[in-house]
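Subject: Structure handover

Hello,

Here is the structure I promised to pass on. Please have a look, and then read on for what I found in it.

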Amino acid sequence: MGETTTLSVHRCRFVDFTPSAITALAFPPLPLPSIKRNKRRATAQDRVPTFGPLVVGHANGNIDIYEWTGSAEVVEAPQAWVVRKTLSGVNPSKVDSLALTLKQPSDLQEGDVPSLTDLRLFSTGGGSELTEWDMVHATIRRSIPSQGGSIWSIAPNPASTILALCCEDGSIHLLSLEYDTLQHLRRLDRSKSRILTLAWGPPSFPGSRRHTPAPREGDDSSDEDEVEWHDSWIVAGCSDSSLRKWDVLSGRILDRMGTDKIRGERTLVWAVGVLGDGTIVSGDSLGMVKFWDSRTCTQLQSFEAHGADVLCLVVGPDGTSVYTSGIDQKVSQFSLIESSSKVDSILSTPIRWVRTASKRMHCHDVRGLSMWPPYTPLPLSHRRSFPTNVAPLLVSGGLDMSVVVTPAALPQNTTARIANPLATSVTATFEDAYHRRIAYSSGAHGTVGLHLAKRARLVLSTGETGLAVWRLTEKSSLEGDHKLALPAEGTGWHKVLEMDLRVRTNLVASSISDDGRWLAVSDAYETKLFLLEEDSSGDDLKPMRVRDFQTILQEHLPDTPRGCGASALVFSPDSSKLIVATTAAFVLVLDLASGSTSARVLRRFDQHRNSNSTIEGRFLTGRRSNADHEGDASEPESDSDGPDDAEEGMKIDVQPPRSAAPTPATITRMAISPDGQWLATTDDHRRTHVFNLDAVQHHTALPSFPQPAHALAFAPSSSSSSSSLLILGFANNTLELYDVEARQFPSWSRALCSALPKRFTHLHDAILGVTLAPPAASAPLDPTDKSGSSSVLALFWGATWLCKVQFDAPVGWGGFEKRRRRRRNEGADHGTERDRGAAHNFKLITQYRQILLADFLAPGELVVVERPLTDVLATLPPAYYRPKYGAS
């Protein structure tokens, strides 16, 4: 059981995949508190806080929606946020600004964390158009012109009822968001300079200076909604070395605040923020961070915090800390502390701002900062309170393409123990805690954008608008104890195909058949199928497009105005079928006849569009009764959703759907068993369905899991078992095993899935994929094992690790405890070979960085595609660097 598995590894670094730079970050806002409620809701210290979704904009126009991987029982989530869905941007385009607003602010209570269905997302890309996104359907909902030229920045008011645009012509345009609309409301007075950024002042309410009596017991709670918050003023950073303050009610400019200049050049104010007491914070192109008094519009304090432009800033959750960053890659922290000065002067104040810490967490320009919990500038009487025993999280991103998360607890709040949600270190202060870098993904929806054609020995890499194919040459057999063999540059591979496609959006999905004969690729609106043939020399591939493929798909996709785009594509192992998961959540099974140059649709499934139902009392999202099933004319009359599902003692009670409208979803991942019989699909609503491709019908649906599935794979068949074991890996690095033929979770898998070691579940990078060793390479490691269970060797992998898992072996020790390791070395409880094999199960390999793909090419032959961060950064222009006199 404890023997080492020897593999020949293709360590590939020739794939020139380059992720897109991060240009904007956004967290959802929290609903405003009630005005008449004097007593704020008490914050329970023992309650686990809820973390909202994170939205990340990229320079290529894509927008990634991240989801928190933690649970409601545990504060720590080592994997932090993972990509749940990707909104493909129009090609060519970019994202410069992002804004999240509440769709129906009155529907949320104070303290509620909004979900994606409660939010509206807006973005700008340097032009004059404002775009609103439909995050459920992953498409553009509407757009509206600014009527003032190019949009430099956008900012919603605290009540999520108005969106402000700062434009090229020096004007601020206000758009109404009430009742889920988007229309121009008014324009504020125009200034003489370009407006680069803006922020809303603290909201006010009628009688804010008078004492508001507490509501009586008999008062109706709806009376509280009669008094609403009112917007007071807006401050904007301009391109003429100044900040300007507007009155929202009259639309006029109230005052102007001038910044420093050098040699007569204009200073650009790139970032601005507002605190609850009216203090204005600004960051400019001189690297200066300034604090202003909004009443007198005079400067309070000034810090030379950065060596170059300050591009972004964010305010801490309680309003007593500010974080700034920009071109010099440093993130600076400013804290509000009580002054110890006892000098009596009209200029002295009891509190002042101090620069308390500075860290360099990036290796290139920082373009965005965001904080959870988010800050809302509210009067002191209505200021929010958050749990003090959990550290807030600071998120940053920039040209180095990675999202960086760090705990940001203040030193003055560390009198009691503060939990670090990232589990990176015991300390949780910004200055001392370790930050972590969330790895970028190579495909949309957090999937893998590289694919392997095993029989043809081809590697497919998908870019924004094109793709490339490489061929791996045959490797010599292993000699002696050589486990790794890295061929010389260019001797073990060569590029056989490179294509640039005409697309409407960035590419979403791609796949290549195992025999290298078919290649499929899709954007958000169109799916293309190519037949690959070798040229006369035999070294390169010549693609031939199937022209009628779009027409074939449209015949089986009625009422799909978004076109025939696909969110996932996969070929069967024998290359005879193509499975297309459309952007409308249909699953199409197509037959690719041998010797034919076209395709034929066998059946269409719509289980991922169905409404909610229950199975054995368990809530299952997205399933409807058989009577409501929609299919094309070619579907067989029988379907396994009927009474036949009661086999094996499982009783299914399918309730009718709640509404006739389909439930929108995005199918993110698909997997086919090695024998081609089973197909598993999963979507962003955590729904997983299994289909029988031999009978071409729906087989069963798995219960909804707490986490989205990040890896799907079927175990290979052997002489003693078929390939009906489905392996699911989730975002929080937990596993589930499901026998699709028996429609149940095997009893032997409970001990494995419920006792995963911490060295696996606490890895900071989430699972990206799982590959199963072919039968010749997955022979039982313990020849004395008489249990009769087939041995399955699985290789789970993330961005920075590989983990070998033997399903029929003991889990082993749960973590890195030195005492247990010492006891094993001393021979305590060390009697059997099976016990000794427990130490080799869940073995981690961390010598590969950053992993884009890991898959078995043949028995005993593994392909690992890497893209080191240093190679990615080499494609960027040089980062800012100012040498210091006397530094070595």
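**An enclosed strand and its partner**

All six of the six residues of strand 48 (residues 709–714) are buried, so this strand is largely enclosed by the rest of the structure. Buried here means under 20% relative accessible area, exposed over 50% and partly exposed in between, with a 1.4 Å probe and protein chains only. Strands (E, at least two residues) and helices (H or I, at least four) are DSSP runs, numbered from the N terminus. Strand 48 runs antiparallel to strand 49 (residues 725–730), and five bridges join them; L712 has L728 as its bridge partner in strand 49.

Before you go further: this is a predicted model, in which local features need pLDDT of at least 70 and side-chain atom pairs count only at pLDDT 80 or more, while totals for chains, interfaces and linings use all residues. Residues are numbered from 1 along each chain as its sequence is written, and side-chain values use heavy atoms, with hydrogens and water left out.

An open, antiparallel sheet is made of four strands in the order 2-3-4-5, where two strands pair if DSSP finds at least two bridges between them. Its edges are strand 2 (22–26) and strand 5 (81–87), each pairing on one side only. Strand 5 is joined to strand 4 (residues 63–68) by six bridges in the antiparallel sense, with D64 opposite T86.

**Cores**

The largest nonpolar core has 34 residues, and L450, W797, L802 and V865 touch the most other members. Such a core is a set of buried Ala, Val, Leu, Ile, Met, Phe, Trp, Tyr and Cys residues joined through side-chain atoms within 4.5 Å. Strand 55 gives the largest share, six residues. Apart from this core lies another, of 24 residues, including A715 and C803.

**Cysteines**

With a disulfide taken as a pair of cysteine sulfur atoms within 2.5 Å, the count is zero. C167 is in no disulfide, and the nearest cysteine sulfur, that of C166, is 6.9 Å away. C167 is buried, at 0% relative accessible area, and C564 counts as buried too, at 2%.

**Confidence**

The chain averages a pLDDT (the predictor's confidence in each residue, from 0 to 100) of 84, and 80% of the residues score at least 70. Over residues 38–45 the pLDDT is below 50, and over residues 477–489 pLDDT stays under 50.

Best wishes

Notes:
Contact = heavy atoms within 4.5 Å.
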